[in-house]
Amino acid sequence: MPAGLEPLDIGVQIPYYFRCPISLELMCDPVTVCTGQTYDRSSIESWVATGNTTCPVTRAPLTDFTLIPNHTLRRLIQEWCVANRSFGVERIPTPKQPAEPILVRSLLNQASAGSGSFSVRLSALRRLRALARESEKNRSVIAGGDARAILLSIVFAEAGAIPTELNLESIAILSMFTLSEPECLFVASDSERVSYLVNLLFHSSIDVRVNSAALIESIAAGLRSPELRSQFSGAEGVFEGIVGLLNYPAAYPRAAKIGIKALFALCLVKQHRERAVAAGAAEALVDRLAEYEKCDAERALATVELLCRIPAGCAAFAVHALTVPLLVKTILKISDRATEYAAGALLSLCSASERAKCEAVAAGVLTQLLLLVQSDCTERAKRKAQTLLKSLWDSWPHHDSIANTDDYAGSDVVPF
């Protein structure tokens with residue numbers, strides 16, 4: 001329901017036939033199902049998505065899941081909204097209809113046709129990209145048309161050549177989807193394809209670099225074979241390219257968002273973490289940590305903890321003056337996950353460096369840890385905090401007031 005409708009109970013009554021029978025709220029996009037009943041599109045789609053195969057009102061079987069827009073009812077609702085503007089009612093916008101599967105199939109055929117002209121294929125890809133950007137529903141329709149396989153074939157048609165607009169448009173569309181394991185194998189099992197994709201991380205266009213990074217993240221996260229995942233994550237230049245995105249100016253936030261997702265996925269392979277550190281990942285993570293939103297901050301902190309598990313990572317983070325103060329400040333500030341990862345990173349740093357211990361105490365870590373062990377945070381976070389408290393015992397000027405704590409092992413960082 002539009003925000004302007006929240007106080008309507010006092011000033012105006014919504015006609016019952018304008019309300020969705022499922023949500024009981026004003027319908028924004030009324031659609032009719034095969035039983036003749038009308039629902040708001042989002043409500044009936046959620047009903048069906050959860051496994052229901054009957055009409056919510058009549059309980060009759062839904063023999064056809066086609067949703068037909070009820071344009072007449074939508075116009076009546078819009079007119080009613082306009083007539084009740086004085087009560088704070090906002091007019092519902094005319095919804096964009098989902099892409100038709102027939103149209104998507106036609107565009108995919110045009111894009112993949114070997115005999116088609118370059119301009120026709122490029123135009124088809126651009127239309128597909130525009131549709132994919134519009135809505136999740138459109139992306140679902142596109143994915144159902146075997147689009148990813150077709151787009152991958154376009155991207156790597158000539159993997160050793162200079163990328164054309166066809167290649168780059170296809171990568172832009174693929175960056176909006178999650179690849180299946182066979183599709184990940186298609187790329188990762190061919191060194192030429194991997195090199196082609198990594199080289200795009202250094203393209204002159206930031207959009208191309210970010211789209212390439214999104215595809216690399218999808219592949220790294222989608223591979224199940226440890227050997228192939230290690231081989232892919234160790235591709236020459238991949239860490240340098242990804243860290244370059246983290247260092248890109250904040251005016252283009254998508255670069256940092258995709259960059260941290262890709263870096264985290266790559267750093268899950270333990271044997272390549274030193275390469276991430278050598279590429280400048282530690283400094284890039286600390287420099288941008290305060291700018292990240294919740295989910296990105298969690299990934300960044302998880303990556304910090306992973307890199308702190310190796311000596312080179314600990315050393316790189318320890319020399320940055322902001323590392324310890326930022327980690328201390330993060331505890332109990334962002335989320336339970338972020339708190340857990342920050343505590344884990346501090347535990348590694350303080351175990352490896354007396355200087356880090358002193359910096360942590362000076363930054364107020366002891367108070368934060370005491371609050372943490374008494375909070376509703378995760379048990380893993382509390383175990384890390386208790387272990388860190390024990391390691392800081394000698395650095396605390398008032399340690400006599402603290403009860404002995406058990407020594408717990410830290411937990412593993414898990415993929416998002």
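Asp296 counts as buried, at 7% relative accessibility (buried means under 20% relative accessible area, exposed over 50%, and partly exposed in between, with a 1.4 Å probe and protein chains only). This is a predicted model, in which local features need pLDDT of at least 70, side-chain atom pairs count only at pLDDT 80 or more, and totals for chains, interfaces and linings use all residues. Residues are numbered from 1 along each chain as its sequence is written, and side-chain values use heavy atoms, with hydrogens and water left out. Here is a quick tour of the chain, from its overall build to its salt bridges, helix packing and cysteines.

**The chain as a whole**

- The secondary structure comes to 23 helices and three strands; helices (H or I, at least four residues) and strands (E, at least two) are DSSP runs, numbered from the N terminus.
- Taken along the principal axes, the C-alpha atoms fill a box of roughly 75 × 65 × 40 Å.
- Of the 416 residues in the chain, 49% are buried.
- Among contacts (heavy atoms within 4.5 Å) between residues at least 6 apart in sequence, 65% join residues at least 24 apart.

**Salt bridges**

- Side chains of opposite charge can pair when their charged atoms come close.
- The whole structure holds 18 salt bridges, each defined as a side-chain nitrogen of Lys or Arg within 4 Å of a carboxyl oxygen of Asp or Glu.
- Asp296, the buried residue of the opening, forms a salt bridge with Lys257, and their closest N and O atoms are 2.8 Å apart.
- That pair links distant parts of the chain, with Lys257 in helix α14 (residues 253-267) and Asp296 in helix α17 (residues 294-308), 39 residues apart.
- Lys257 is partly exposed, its relative accessible area being 36%.
- Glu169 and Arg126 form another salt bridge, with 3.8 Å between the closest N and O atoms.
- Glu169 belongs to helix α8 (residues 165-174) and Arg126 to helix α5 (residues 118-134), so this pair ties together parts that are 43 residues apart in sequence.
- Glu169 is buried at 11% relative accessibility, whereas Arg126 is partly exposed at 42%.
- Arg139 and Glu136 also form a salt bridge, and here the closest N and O atoms are 3.1 Å apart.
- Both Arg139 and Glu136 sit in helix α6 (residues 136-143), three residues apart, about one turn of the helix.
- Glu136 is exposed, with 54% relative accessible area.
- A network of salt bridges links Glu305, Arg309, Glu340, Arg380 and Lys384.

**Helix packing: α7 with α8**

- Two packed helices are described by the angle between their axes and the distance between the axes.
- Helix α7 (residues 147-155) and α8 have axes that come within 8 Å and cross at roughly 145 degrees; axes are lines fitted to C-alpha atoms, for helices over the stretch in contact, and angles run from 0 to 180 degrees between N-to-C directions.
- The crossing of α7 and α8 is left-handed (the near helix is turned anticlockwise from the far one by less than a right angle; clockwise would be right-handed).
- On the α7 side, the contact is made by Arg148, Leu151, Leu152, Ile154 and Val155, and the residues from α8 include Leu166, Ile171 and Leu174.
- The residues of this contact divide into eight nonpolar, two polar and one charged, where Ala, Val, Leu, Ile, Met, Phe, Trp, Tyr, Cys and Pro count as nonpolar, Asp, Glu, Lys and Arg as charged, and the others, Gly among them, as polar.

- Helix α19 (residues 323-330) and α20 pack at an angle of about 145 degrees, and their axes are 8 Å apart.
- α19 passes α20 in a left-handed crossing.
- Thr323, Val324, Leu327, Val328 and Thr330 of α19 make this contact, together with α20 residues including Ala338, Ala342 and Leu349.
- The residues of the contact of α19 with α20 divide into eight nonpolar, three polar and no charged.
- Leu349 is found in helix α20 (residues 336-352) and is buried, at 2% relative accessibility.
- Not counting residues up to four places away in sequence, Leu349 touches Cys308, Cys314, Phe317, Ala318, Thr323, Val324, Leu327 and Ala356.
- The C-alpha atoms of Leu349 and Ala315 are separated by 8.3 Å, and these residues are 34 apart along the chain.

**Cysteines**

- The structure has zero disulfides (a disulfide is a pair of cysteine sulfur atoms within 2.5 Å).
- Cys314 is buried at 8% relative accessibility, and its closest cysteine sulfur, in Cys308, is 4.8 Å away, too far for a bond.
- Cys295 is partly exposed at 38% relative accessibility, and its sulfur is 16 Å from the closest cysteine sulfur, in Cys377, also too far for a bond.
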